[in-house]
Amino acid sequence: MESLDKALEGYSYFLEHSGFELYQEYFDNNIQDELAAAKKVVLEYLNDEFDQIHTNEVFKDLEHVGVAFTTTEDSDREIQIEVDLKNFKLNRYLDSELIESVKFESLSEMSEKCLSALDFSDLTYIDEGITKKNNFIHNSIRDII
């Protein structure tokens, strides 16, 4: 009975002092699994969409993973779309200026609702009103400079 008490005491001590580390390890492994899955989906999209072989090099900065780049119909403006795998965002830029950011609650939600449905046309579509409004602001700033 005494050895069982010591064993239980040791187990209680272990849980009390190592529980967080075990949870943290589980959490870290889970996040790494989700990140690996998200990267796989993004790579598949890039390889299919652009008929090129992309590597993990595209993930050197997890906050700025480019998934689309084009110009407006008049070729005057650049449209760039990035996914931020660290902060769970999809960011849309017009001439390097952030014009839209969609935030997700988790990497899992981002993968499910966004990454699994990446489409170049949808990603690069920008409402003409935004382009004109942004163009007016852009031209106004140029006039001042």
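**Briefing: charge, aromatic rings and loops in a predicted chain**

Asp122 is exposed, with a relative accessibility of 55%. The model is predicted. Its chain holds four helices and four strands. Along the sequence they run in the pattern α-β-β-β-β-α-α-α. The chain has 145 residues, and 28% of them count as buried.

**Negative patch**

- Asp122 sits in helix H3, which covers residues 120-124.
- Asp122 belongs to a negative surface patch.
- Which helix gives the largest share of the negative patch? Helix H1, residues 2-50, supplies that share with three residues.
- The 55% of Asp122 is over the 50% cut-off, so the residue counts as exposed.

**Aromatic cluster**

- The count of aromatic pairs comes to two.
- Is Tyr45 buried or exposed? Tyr45 is buried, at 7% relative accessible area.
- Phe50 is partly exposed, at 29% relative accessible area. Buried means under 20% and exposed means over 50%, so a value of 29% falls in between.
- Phe50 also pairs with Phe120. Here the ring centres are 5.9 Å apart and the planes are at 85 degrees, so this pair is edge-to-face as well.
- Phe50 lies in helix H1 and Phe120 in helix H3. The pair therefore ties together parts that are 70 residues apart in sequence.
- Tyr45, Phe50 and Phe120 make up one aromatic cluster.

- Where is Ile53? Ile53 is in the loop between H1 and strand E1, residues 65-71.
- Ile53 has a relative accessible area of 75%. The cut-off for exposed is over 50%, so Ile53 is exposed.
- Ile53 and Leu43 are ten residues apart in sequence. Their C-alpha atoms are 8.5 Å apart in space.
- Leu94 is in strand E3, which spans residues 89-94.
- Leu94 has a relative accessible area of 0%. The cut-off for buried is under 20%, so Leu94 is buried.
- Leu94 and Gln80 are 14 residues apart along the chain. A distance of 6.6 Å separates their C-alpha atoms.

**Positive phi in the loops**

- Most residues other than glycine have a negative phi.
- Phe88 is not a glycine, yet its phi is positive, at about 60 degrees.
- Phe88 is found in the loop between strand E2, residues 78-84, and E3.
- Ser96 is not a glycine either, and its phi is positive, at about 70 degrees.
- Where does Ser96 lie? Ser96 is in the loop between E3 and strand E4, residues 97-103.
- Ser96 has a relative accessibility of 63%. That is over 50%, so Ser96 counts as exposed.

Notes. Residues numbered from 1 in each chain as written. Predicted model: local features only at pLDDT ≥ 70, side-chain atom pairs only at ≥ 80, totals over all residues. Heavy atoms only, no water. Patch = residues over 30% accessible without salt bridge, like charges linked within 9 Å, V, L, I, M, F, W, Y side chains within 5 Å. Areas by Shrake-Rupley, 256 points an atom, 1.4 Å probe, with all protein chains shown as cover. Salt bridge = Lys/Arg side-chain N within 4 Å of Asp/Glu carboxyl O. Lys, Arg positive; Asp, Glu negative; His and termini not counted. Charge placed at Lys NZ, Arg CZ, Asp CG, Glu CD. Helix = DSSP H or I, 4+ residues; strand = E, 2+ residues; numbered from the N terminus. Buried < 20%, exposed > 50% of the residue type's maximum accessible area, 1.4 Å probe, protein only. Phe/Tyr/Trp six-rings, centres within 6.5 Å; stacked < 30°, edge-to-face > 60°.
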